[in-house]
Amino acid sequence: MSKSRGHYGYVFVVFAGCVFNALGQKRSTPSAVQFTDVTSQVGITFEHTSSSEKRYILESMAGGVALFDYDNDGWLDIYLLNSCTVETAIDPHCARSALYHNNHDGTFTDVTERSGLEYPGFAMGACTADLDGDGSEEVYVTGFGSNHLYHNKGNGTFTDITTKAGVAGGDWSTGCGFADYDRDGKLDLFVARYVYFDQQNSPKFGEGKTCQYRGIAVQCGPRGLPGSSDLLYHNNGDSTFTEVSKQAGVSDEQHLFGLGVAWFDYDQDGWPDLYVANDTGPNYLYHNLGNGKFEEVGFPLGVALSSEGNERGSMGIAIGDYDASGRFSIFVTNFAEEYDELYKMAADGSFTEASYTSKSAQSSLPFVKWGTAFFDFDNDGWPDLFVACGHVYPQMPAQVSGGSQPYLQRKLLYHNNGDGTFEEVAAVHGAALLVPRSSRGAAFGDLFNNGNVDVVVNNLDGNATILRNDGGNQQHWLAIHLVGSGFNRSAIGALVRLRANGRSQMQVVQSGDSYLSQSDKRLHFGLGSAVTAEQIQVTWPDGQTTALNSVRADQFLEIKEPEPK
Amino acid sequence: MKARLTDKVKRFSGKAMPYPRMPIRVLIAAILLTTLLHAEVGPQAHLLTARKMAAAHQTEAAEKELKLALVSVDLTLAEIAIAENRAQDGRVLYQEAAAIRGNSKLVALGLARVNLLLNDPAAAIVALQKAIAIYPRDMELHRSMGEACAASGNAGRALGEFEQALRLKPKDPQTLYLAGTAALTLHNLSKAQAMYYALLASVPGAATHVLIGRLYRDFGHDPEATSQLRRALSINPHARRAHYYLGTIAVIREGAVRLEDAESEFRQELALAPDDYSSNLYLGVVLTQERRYVEAEPFLVKAVALEPTSPDGLVFLARVYFEQKRYAQVVDAAERAIALTTNPASSHFQIANTHYTLAQAWRSLGEKAKAEGEFSIARQLKEQATKTSRDEMQDYFRNSIKEAQSTTEVRLQFLAQTADPAGAAIDRKERERLEDLLAEIRFELGNFYVHEQRNDEAVSEFSALFHSRPDFPGLKKTYGAALVGANRTGEAIPILKSLLNNLPEDMDVRRMLGHAYFQAEDYANVISVLGERDWRDIPTQYVLATALARTGQDDAAKDAFAKLLWKNPRSAELQALLGQAAAQQKDYAAAIFYYKEALALDSTVPEAHLGIGLIAMRNGDLKGAEKELQTEVRAHPGDLRAKYYLAYVVGLSQRHADAEKLLREILAKRADFPDAHAALGKELFAEDKPAQALQELLIADKLAPSQPRLLYQLGLVYRKLGRMEDAQQAFLRYRELRTPATPIAPSQQSEDGHNE
């Protein structure tokens with residue numbers, strides 16, 4: 001584990017603060033932090049297969065990625081999900097997903113074949129959690145036709161227990177996430193579903209209003225296609241689940257086109273709430289009523305639509321306390337010509353749109369945006385934002401057309417200025433960020449255990465992108481690995497408040513985030529110049545708290561939940 | 001029971017102008033002269049000619065002149081009505097003109113045009129097809145047909161018609177413009193360009209470029225539109241609407257990202273016309289979309305002031321206020337916008353977002369309950385949305401920016417551009433003069449029909465006149481007479497009663513009212529109106545005598561009948577009346593005796609043959625009945641009831657097609673004849689045309705509800721059509737009406753005393 005580079009690095013950072021980025025914007029962040037594409041270097045050869053023409057919407061929406069330590073060796077492994085074409089969908093081996101074992105030396109090895117995770121079908125995304133409390137994380141893979149729950153046997157292999165568990169889902173599932181919504185100690189599962197896709201009866205490519213984009217013939221949908229309901233599975237505690245969507249009030253009776261999923265306790269009442277990003281429909285915020293039911297409050301709380309009242313093509317979700325307010329804000333990635341929404345939570349529990357006031361909106365307009373997260377890439381103590389981009393229509397012209405970027409698009413990296421605003425700085429943080437791809441899912445985690453949060457991006461039509469963060473650890477950091485008790489060993493839902501440099505930060509352990517992806521569950525905090533964290537407080541899912549004071553920076557700290565008294 | 005009155009009774013009622021006969025050669029000469037003079041003759045002249053013809057007993061020529069006068073005034077008043085945005089009135093006038101002069105090109109063009117204005121292209125096409133068949137080489141007709149085809153969605157045919165029009169009159173600017181539009185509709189850009197090129201050669205100028213540019217824009221040809229609009233501005237930097245259209249192109253095509261172009265254009269348009277509503281509105285909208293709320297506000301405020309009944313500006317103003325945290329003003333603007341939205345279905349995007357903005361404002365003001373209510377509405381509206389907000393926004397721009405819905409309106413706009421504005425003014429006095437003239441013509445025509453015993457047509461004319469000029473001098477009397485003559489006593493009585501109240505000494509009115517009451521079987525009122533007076537005419541004496549009998553005043557009735565007979569021993573009409581009375585008493589032998597006596601005195605006496613025919617029918621002698629009824633109809637072609645009975649008999653003889661033909665002739669003259677509809681329904685059913693039969697029976701039922709036989713027939717037809725529930729209902733109603741406890745009302749029995 002390397003430490004920050006100390007004084008000289010810091011001077012360099014100050015000097016570099018005056019440099020203008022490629023977009024002509026004055027930047028104030030250290031350009032010493034660079035993202036480098038190390039995909040081939042680290043041995044990731046995965047290539048996402050999908051139809052190049054994307055004549056069906058089914059072929060445009062996949063691309064999840066999961067970062068999790070499947071073998072409990074303390075190093076993040078990578079699971080890249082693959083999908084098929086409509087023509088090959090019927091073949092259960094139409095697409096090979098890939099599990100890469102972290103070799104601890106900066107390289108990865110493909111261990112898919114042995115793992116049993118090779119062919120989860122027409123895969124979309126994944127979320128992970130330790131469901132049985134044995135310390136090894138299970139993987140739930142969403143897909144078209146059927147989902148799969150893989151039990152981690154603890155020996156590097158997985159067993160498909162979908163049928164027994166009763167969580168096959170069906171139709172077209174997209175985002176997923178585990179959380180103990182009823183606080184019975186067992187992790188439950190929410191699955192968003194998108195479109196009811198019937199190839200035989202789908203509208204034809206390019207025909208009709210919903211199959212045109214700026215006069216160009218494109219795939220149809222999602223508007224004009226029937227939507228699907230969402231699913232909530234209650235964990236029965238015996239490796240089986242019961243579907244309780246309707247009773248719980250989260251079944252999405254409107255059949256909107258569900259994509260991103262994020263569990264988090266927005267009102268910090270101890271009960272996990274749920275946010276669902278719906279494509280071209282109002283997003284849902286389900287408030288957990290604490291009795292097994294939810295109340296959808298997206299409209300009254302101001303997180304369903306834009307402030308003008310427009311629904312967006314919402315894809316991915318990031319949850320974070322970007323302004324050190326002690327409250328979580330919601331960041332949602334949207335379609336082209338729609339700025340990403342930043343919903344800032346007010347003291348009264350409602351949200352106001354801060355997209356433009358935060359200055360994150362304007363630059364996002366031309367892109368179609370997917371995987372995202374709040375993460376402190378430069379460890380200055382302020383959560384930044386990353387957005388993976390890529391259009392859905394390969395038919396887009398090669399040049400900028402109207403308000404949209406072309407099919408292949410670069411990444412967006414927003415540096416948090418610490419004053420409630422962001423600055424888009426991808427141009428000065430690595431040429432790799434500017435390589436245009438058709439990106440989808442993005443997962444965030446310290447792959448190399450060096451205090452830098454790296455990014456793994458799954459791209460359609462080609463290989464994935466492993467973006468190694470070089471230089472982020474020039475400032476201090478602290479990564480907290482929570483170990484829960486009982487069945488929830490992953491400590492999903494646990495809230496960590498950290499105070500350093502006179503300021504508080506807050507993060508939550510999530511299963512399922514970004515766009516159809518799973519990021520590192522170790523909570524990474526940037527501490528800036530602070531060499532210690534003055535205080536760390538953990539609120540466990542069952543309400544217990546753990547407090548630590550004066551914790552040394554620059555380490556991976558494991559905090560175990562005390563056993564219930 | 002409706003007692004039958006003789007035509008003589010009707011003839012004695014409301015006599016107006018005499019129309020005696022003339023030798024045929026004089027008549028033909030008069031007609032030819034009239035025809036030759038027609039093109040140069042106005043309505044006043046036709047009216048004067050009609051009077052001359054009438055004085056010369058040339059009835060056909062007189063009628064023709066009256067109709068020409070009517071058509072002439074109709075056409076002019078129709079155009080005035082259209083110009084005054086009373087297209088419906090215009091259509092009625094044109095339809096009347098078409099009924100008289102269906103072959104007239106002017107009428108066809110006018111009727112087509114007004115139907116297009118009323119969004120009824122199918123009717124326009126029908127009118128034009130007839131005219132084109134007569135005038136195949138008329139450019140205007142083909143052009144008008146092209147417009148009608150375009151309006152009905154048949155752009156291919158429209159273009160064909162326009163091209164035909166151009167062959168007949170090349171370079172006609174209107175046709176070129178319309179042909180170009182049709183070509184664009186067919187996605188034939190090159191043809192459109194050729195048309196517009198020719199148009200520009202014909203009508204050069206910035207305004208033409210602007211109009212063409214607008215069309216290109218509407219059809220999505222942005223480069224061509226931009227080129228035309230820029231060209232317009234190069235010719236005339238102050239060309240109106242050019243900048244505005246350029247701005248709208250930017251708004252519609254470029255989405256939310258590139259609105260600077262739109263802004264610039266709208267600003268330039270406003271520099272030329274600061275009070276242009278659309279430019280103010282859309283500049284405000286564009287600036288709002290750009291989040292430049294402070295700048296947007298004055299334009300939106302102005303737009304709202306310019307169009308206070310439109311919600312559009314208020315929708316965006318609410319947004320502007322919200323972003324500036326002026327929540328009280330948000331509430332005001334949003335609530336006004338919502339109140340002004342009369343068609344939420346077509347303003348879905350606006351109304352849903354306005355509710356959402358209002359909800360947010362209430363929340364910011366701490367009004368939680370109100371906020372929740374508005375959020376709930378916004379949510380419901382969003383759930384109902386079938387398009388994304390982006391698409392709705394695009395549609396909103398596209399639809400609200402679109403100024404003209406039809407090519408006719410476009411052409412009218414183009415005409416407005418190229419026409420002499422001085423000629424467009426309508427003289428109010430002239431209109432009033434024409435309306436007076438129309439009234440006069442209708443009155444005269446109505447009187448003509450009364451004299452000719454064509455009471456249904458007379459009623460039609462008087463009715464139209466009564467609708468607009470109820471106090472036209474002499475109208476009520478003659479209208480009342482026509483109504484009585486047409487057996488429409490229900491309508492006649494109130495008119496005549498009101499007239500008698502004002503003119504209690506008018507014996508003609510009294511007589512007519514008495515006869516009307518008699519037809520309505522209101523014998524008490526017959527006596528009150530006619531009694532205590534000495535009537536000279538036989539029908540009235542008869543009516544009074546019968547009324548006395550019917551009201552049980554037997555002695556007085558006897559005296560009256562005795563006096564009648566003594567005074568009129570050789571009156572054919574009286575014999576016929578006596579025949580009817582005998583028939584009503586079921587003394588058919590006596591009836592036949594009297595009828596034959598009547599015919600011996602006057603072989604053309606009305607209803608004698610009818611009476612004999614009905615008795616023959618009753619006796620099962622269908623051939624004899626038909627012969628008599630044929631004779632009656634030949635002698636009195638205007639007697640629709642006689643014709644009805646003829647049809648009835650023909651139907652009984654199983655000649656259903658012939659019966660159908662007769663009944664349709666009756667209904668063509670008098671559409672509100674319930675028995676004829678019912679009989680036609682029966683014949684159609686017999687001809688195995690149940691669907692058509694049903695239509696007729698339903699009309700009959702509507703005109704005269706709860707007729708048992710009709711209900712029975714309806715039941716049969718429903719059953720044939722497989723509509724068992726309806727059949728059951730009909731049969732149930734029939735049985736209810738036929739139960740002994742509820743005997744059939746007299747009005748449901750036939751007029752001759754036979755139960756039908």
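At what angle do the axes of helix H38 (residues 674-686) and helix H39 (residues 690-703) of chain B cross? In this predicted model, the two axes come within 8 Å and cross at roughly 160°. Axes are lines fitted to C-alpha atoms, for helices over the stretch in contact, and angles run from 0 to 180 degrees between N-to-C directions. The crossing of H38(B) past H39(B) is left-handed, that is, the near helix is turned anticlockwise from the far one by less than a right angle. On the H38(B) side, the residues in contact include B:Pro674, B:His677, B:Leu680 and B:Phe685, and on the H39(B) side they include B:Gln692, B:Glu696, B:Ile699 and B:Leu703. Contact means heavy atoms within 4.5 Å.

Residues are numbered from 1 along each chain as its sequence is written, and chains are lettered from A and ligands numbered from 1 in the order in which they are written. Local features need pLDDT of at least 70, side-chain atom pairs count only at pLDDT 80 or more, and totals for chains, interfaces and linings use all residues, while side-chain values use heavy atoms, with hydrogens and water left out.

H10(B) passes H11(B) in a left-handed crossing. Residues of H10(B) at this contact include B:Pro173, B:Leu176, B:Tyr177 and B:Leu184; those of H11(B) include B:Leu189, B:Met195, B:Tyr196 and B:Ser202.

Chain B as a whole has 41 helices and zero strands. Helices (H or I, at least four residues) and strands (E, at least two) are DSSP runs, numbered from the N terminus. Among chain B contacts between residues at least 6 apart in sequence, 56% join residues at least 24 apart. Chain B exposes about 34100 Å², with 53% supplied by carbon and sulfur atoms; accessible areas come from the Shrake-Rupley method with a 1.4 Å probe, and for residues only the protein chains shown count as cover.

Chain A contains five helices and 40 strands. Of its 565 residues, 66% are buried, and its accessible surface comes to about 18100 Å², of which 51% belongs to carbon and sulfur atoms. For contacts in chain A between residues at least 6 apart in sequence, 61% join residues at least 24 apart.

An open, antiparallel sheet of four strands in chain A has the order S1-S33-S31-S30. Its edge strands, S1 (34-37) and S30 (439-445), each pair on one side only. Neighbouring strands of this sheet are turned by 25° against each other on average, direction ignored. Two strands pair if DSSP finds at least two bridges between them; five bridges join S30(A) to the antiparallel strand S31 (residues 454-459). A:Ala442 stands opposite A:Val457 in S31(A).

Elsewhere in chain A, seven of the seven residues of strand S26 (residues 369-375) are buried, so S26(A) is largely enclosed by the rest of the structure. Five bridges join S26(A) to strand S27 (residues 384-389), and the two run antiparallel. A:Lys369 stands opposite A:Cys389 in S27(A).

Key: Buried means under 20% relative accessible area, exposed over 50%, partly exposed in between (1.4 Å probe, protein chains only).
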